[in-house]
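Let's take a walk through this protein, starting with the overall fold and then moving on to packing, charges and surface.

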Amino acid sequence: MTPAQDPFYIVKEEIQDSIDKLQSTFQQWESTPTNTGEYVHLTKELLTNCESIEWQVEELNKAISVALRDPAYYGLNETELGRRKNWTASAQNQVRTIRRSVEAEKGKGGFSNGSRQELLGSSQTGRSNKQYAMDNDDFITSESDRQMLLMKQQDDELDELSASVQRIGGVGLTIHDELIGQEKILDELSMEMETTSNRLDFVQKRVAMVMKKASAKGQILMIAFLIVLFIILFVLVFLT
């Protein structure tokens, strides 16, 4: 099975795309001021995506563990299984590093809403009450527009994540159906081999009995007859 057909590489590509997007979001998060609504949104988004990717990698690890029990059955070798385990371990480390960084920064906390209002109040010292009210209205409107934009972006990202999960689920079902089909083929082949073996044993026993009773000339004729019979049985069993 080529990498393009192997379900592992299909799932791996999906997860790698998610990790690349996670790292891009993490870089944006690092450059965002901690006292903004965007920073809070990015923090939640990063933690949610980390949890989702960790779950996907864990499911992939379970599939690798199943293959480790009988690599030959799945057409794999130790080298290939080692490469797959190394990749999942690397993916887990990348996601775990980002999650720990976000959680550590979240534990420190940023500017509280009260502190931000206090800073805004200090910057407005000397303004009239009317001017301050107008500026405050503009700020609220701007924040509202930005929050609506962030919510829309979050909805788009959740839709994309949902589609990705559905694709992974479909790949899992395909793997399951393929394994069931291979198991049926092996069972049928095993039954055919057992039937053929029984037929050959029967022929061998008949040959031994005839060889004991026949003369030298009769034995030669019998051997020739049995060879022809064996060829006919071989054609019927393996070529039809």
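This is a predicted model: local features need pLDDT of at least 70, side-chain atom pairs count only at pLDDT 80 or more; totals for chains, interfaces and linings use all residues.

## The overall fold

How much of the protein chain is buried? Of its 240 residues, 22% count as buried.

## How the helices pack

Two packed helices are described by the angle between their axes and the distance between the axes. Take helix H1 (residues 7-30) and helix H2 (residues 37-69) to begin with: their axes come within 10 Å and cross at roughly 160°. Angles over 145 degrees count as roughly antiparallel, so H1 and H2 are roughly antiparallel to each other. The crossing of H1 past H2 is left-handed.

Now look at H1 against H3. Here the axes are 11 Å apart and the packing angle is about 25°. The cut-off for roughly parallel is under 35 degrees, and H1 and H3 are therefore roughly parallel to each other. H1 also passes H3 in a left-handed crossing.

## Salt bridges across the chain

Side chains of opposite charge can pair when their charged atoms come close. How many salt bridges does a search of the whole structure find? It finds seven.

One of them brings together the side chains of Glu-160 and Lys-21, at 1.8 Å from N to O. This pair links distant parts of the chain, with Glu-160 in helix H5 (residues 129-213) and Lys-21 in helix H1, 139 residues apart. As for how accessible the two partners are, Glu-160 has a relative accessible area of 40%, so it is partly exposed. Lys-21 counts as partly exposed because its relative accessibility is 45%.

Another salt bridge joins Arg-99 and Glu-54, whose closest N and O atoms are 2.9 Å apart. Arg-99 lies in helix H3 (residues 78-108) and Glu-54 in helix H2, so this pair ties together parts that are 45 residues apart in sequence. Is Glu-54 buried or partly exposed? With a relative accessible area of 23%, Glu-54 is partly exposed; the cut-off for buried is under 20%.

Arg-99 has a salt bridge with Glu-103 too, and there the closest N and O atoms are 3.6 Å apart. Both Glu-103 and Arg-99 sit in helix H3, four residues apart, which is about one turn of the helix. Glu-103 is partly exposed, at 40% relative accessible area. Through shared partners, the salt bridges join Glu-54, Arg-99 and Glu-103 into one network.

## A nonpolar patch on the surface

Away from the charges, there's a nonpolar patch on the surface to look at. It is formed by Leu-200, Ile-223, Ile-227, Phe-230, Ile-231, Phe-234, Val-235, Phe-238 and Leu-239, which together have about 810 Å² of accessible area. Which helix gives the most to this patch? Helix H6 (residues 216-238) does, with seven residues.

Phe-230 is a handy one to pick out on the model, and it is found in helix H6. Its relative accessibility is 41%, so Phe-230 counts as partly exposed.

Note on methods. Residues are numbered from 1 along each chain as its sequence is written. Side-chain values use heavy atoms; hydrogens and water are left out. Patches are made of residues with over 30% relative accessible area and no salt bridge: like charges are joined within 9 Å, nonpolar side chains (Val, Leu, Ile, Met, Phe, Trp, Tyr) within 5 Å. Accessible areas come from the Shrake-Rupley method with a 1.4 Å probe; for residues, only the protein chains shown count as cover. A salt bridge is a side-chain nitrogen of Lys or Arg within 4 Å of a carboxyl oxygen of Asp or Glu. Helices (H or I, at least four residues) and strands (E, at least two) are DSSP runs, numbered from the N terminus. Buried means under 20% relative accessible area, exposed over 50%, partly exposed in between (1.4 Å probe, protein chains only). Axes are lines fitted to C-alpha atoms, for helices over the stretch in contact, and angles run from 0 to 180 degrees between N-to-C directions. Angles under 35 degrees count as roughly parallel, over 145 as roughly antiparallel, 65 to 115 as roughly perpendicular and the rest as oblique. A crossing is left-handed if the near helix is turned anticlockwise from the far one by less than a right angle, and right-handed if clockwise.
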